[in-house]
Amino acid sequence: MSSLHHGSLILIFLASFILILNEKVSSVSPAQPKSKVHIVYLGKRQHHDPELITNIHHEMLTTVLGSKEASVDSMIYSYRHGFSGFAAKLTEAQAQAVSELPGVVQVMSSRLHKLKTTRSWDYLGLSSSHSSTNLLYETNNGDGIIIGLLDTGIWPESEVFSDKGLGPIPSRWKGGCSSGQSFNATKHCNRKLIGARYFFKGLEAEIGEPLNTTEYLEYLSPRDALGHGTHTSSIAGGSPVVNASYYGLGFGTVRGGAPGARLAMYKVCWNLEGGFCSDADILKAFDKAIHDGVDVLSVSLGSDDIPFTEIIKPDSILIGSFHAVAQGISVVCAAGNGGPSAQTVENTAPWILTVAASSIDRSFPTPITLGNNRTVMGQAMLIGNLTGFASLVYPDDPHLQSPSSCLYMSPNDTSVAGKVALCFTSGTFETQFAASFVKEARGLGVIIAENSGNTQASCISDFPCIKVSYETGSQILYYISSTRHPHVRLSPSKTHVGKPVPTNVAYFSSRGPSFPSPAVLKPDIAGPGAQILGAVLPSDLKKNTEFAFHSGTSMATPHIAGIVALLKSLHPHWSPAAIKSAIVTTGWTTDPSGEPIFAEGDPTKLADPFDFGGGIVNPNRAADPGLVYDMGTADYIHYLCTLGYNNSAIFQFTEQSIRCPTREHSILDLNLPSITIPSLQNSTSLTRNVTNVGAVNSTYKASIISPAGITITVKPDTLIFNSTIKTVTFSVTVSSIHQVNTEYSFGSLTWVDGVHAVKSPISVRTMIEESYANDS
């Protein structure tokens, strides 16, 4: 067991002991001095022998209490690994006496701390407190809502899928559970996991042979073999599990965004080369989910062929999601992990809620102590008892790369064997390769200096790998070059929450504009997706529950799905488009504390709508957006017509005989909660309509922030709603003063009534058609 994990268990036991102790203290006669738990801090360890340190602690306590027996009875813990000290039951007079002993730095009363969530939900303002302004409280944790997930399956024994405290399964549920390998439907499904199906025939057809579960380490059942689906399910709607952590890191309570919601797993992805999902299986899963009666679908899938697939032919997600939305089911999809390059966003249909990934205000600082006793900080997830000082080396590069990236190191390279290597890289993939090469060359660890601004992401698992900035890496390199025998000590990571950790759009998160349809803003919103703690497959099958950190838009997607579930519970008659509008128009464009949000990349920059759509999701504001931009099937057919799909192609979507209008329709008129104009020449006008979902009698005024070089006017600029007027149409005229072609610039249109601020992001690019004429 690692020292960090051991420390976490100590804290858990200590908290439990204090609760018991307080109960006992309340029954003690007031005439007796009251003992309380005190922590005696002695600072740095003076010895490396833990038993010797404990004996010293007892000797100190004996000098005050008078006997070894009293000392043993009083002492709760001896802190003897990371630092020296002990916790003991002491009266105030005894505590004062201990504080006067030689070597005592401080004596403090032990305080009870509230258990903290594993952060992302507290960060978003959805703590488990019973505040009447909290969306969790207003919706009874989303009870009665059914979240479906298309993923890799589920590990049903995990505590996050406990149905303790849940009522009966909603009577409208038509789904069920399918038994299979290592999955008993009667045993493994309950009032939390109410649906579990698996689909593999499409995959078998594509690989041309039966799925060999032995070769691929799979289960021909809903059981998860990869861990991805278990992780995403726990984020979307998992039940609370206290005292969760990854070996002490991120300690707190793991739960889903809608912990009262029910879950239905549709296993469509299988453990072939990291996870393959057949279009045929995906579409069948959509079909079943619509039949079963899910309210929300969380789809953390995409295609390597995107964005070209959506232009050449519709894929299963495009088709399946269309039908789901037509039935009132919100479909939440991952934006993809192709960032930070532009035009990499996936799942771009306007009926889909497409999710980018952001970080939260949590980091894992890791000390790097150089041989000259200088300590610098990196980011990692180092756990356990690490070694003392080791040799530090900057590998020679035969290709004369400057600086050395360690990418040309061979497994037979002896220069790093038994040493910690310093490498410089310029991106996530280089970082992962460099760490792997050092590991294969029998290195003891690696310090990665990366210039991508992606220093919070971990390198690789099961190998000491710490990421630092280029500046810090240069300082370490200077130490190496100025010292004959450089050494370094890597210390275990700690968890830090709050300032000064910034909120960023994650480096890997795919960016807009949308390649298939640049006039439709994608992504729509961002949610926590970097280093998210969730349930995974247990490494030891004797344990039912285990947790780990994963990163990706796959993790951001179930965050939004959980929030959608809460909104559906609060507003059961809202359409998927209305819910999407509420989320997009209320997003944070600064972090929750008002600080700017940056988009990690090459280089890092201020985030814009192509990075995070409407911003970082703000669940409590989305519950009361004031106005919504609503849409239905007719609007989506309009969208397909503007893309150039013919009537027969649209029939594949709608299963209805449809004729596109003969006159040309502008895609700019699609009633989106955003405005994106990819090719503005002179001036253009577009229309929108908004529906009042706030106070019946309301007046909103327009507030415009125009993109650079762009003029925007709105008519009318005041919207008045009453008992008879619930929806109002307005026009927006956009003009450019540029005389040359430009890149995108950004602004916003916000409708304000003194309570609500309904903000639509605006993205405009001036594109003037070049003339083509003979020089003569």
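Keep in mind that the model is predicted.

Let's start inside. In soluble globular proteins, nonpolar side chains tend to be buried together. Here the largest nonpolar core has 62 residues, and those with the most contacts inside it are Leu 150, Leu 297, Trp 351 and Trp 751. Helix H12 (residues 316-326) gives this core its largest share, 5 residues. There's also a second, separate core of 52 residues, and Met 265, Ala 506, Leu 533 and Phe 547 are among its members.

Now look at helix H15 (residues 553-570). Of its 18 residues, 16 are buried, so H15 is largely enclosed by the rest of the structure.

Thr 472, Gly 473, Ile 476, Tyr 479 and Ile 480 are buried. Those five cover an arc of only 115° around the axis, which puts them on the same side of H14. On the other side, Glu 471, Tyr 478 and Ser 481 are exposed.

Finally, the cysteines: a search of the whole structure finds 2 disulfides. One joins Cys 177 and Cys 189, with sulfur atoms 1.9 Å apart. Cys 177 sits in the loop between strand E5 and helix H7, and Cys 189 in the loop between H7 and strand E6, so the pair ties together parts that are 12 residues apart in sequence. This link of Cys 177 and Cys 189 is left-handed, at -105° about the S-S bond. The link of Cys 269 and Cys 277 is right-handed, at 105°. Within that pair, Cys 269 is buried at 3% relative accessible area, while Cys 277 is partly exposed at 29%.

Conventions. Residues are numbered from 1 along each chain as its sequence is written. This is a predicted model: local features need pLDDT of at least 70, side-chain atom pairs count only at pLDDT 80 or more; totals for chains, interfaces and linings use all residues. Side-chain values use heavy atoms; hydrogens and water are left out. Buried means under 20% relative accessible area, exposed over 50%, partly exposed in between (1.4 Å probe, protein chains only). Helices (H or I, at least four residues) and strands (E, at least two) are DSSP runs, numbered from the N terminus. The arc is that of the directions from the helix axis to the C-beta atoms. A nonpolar core is a set of buried Ala, Val, Leu, Ile, Met, Phe, Trp, Tyr and Cys residues joined through side-chain atoms within 4.5 Å. A disulfide is a pair of cysteine sulfur atoms within 2.5 Å.
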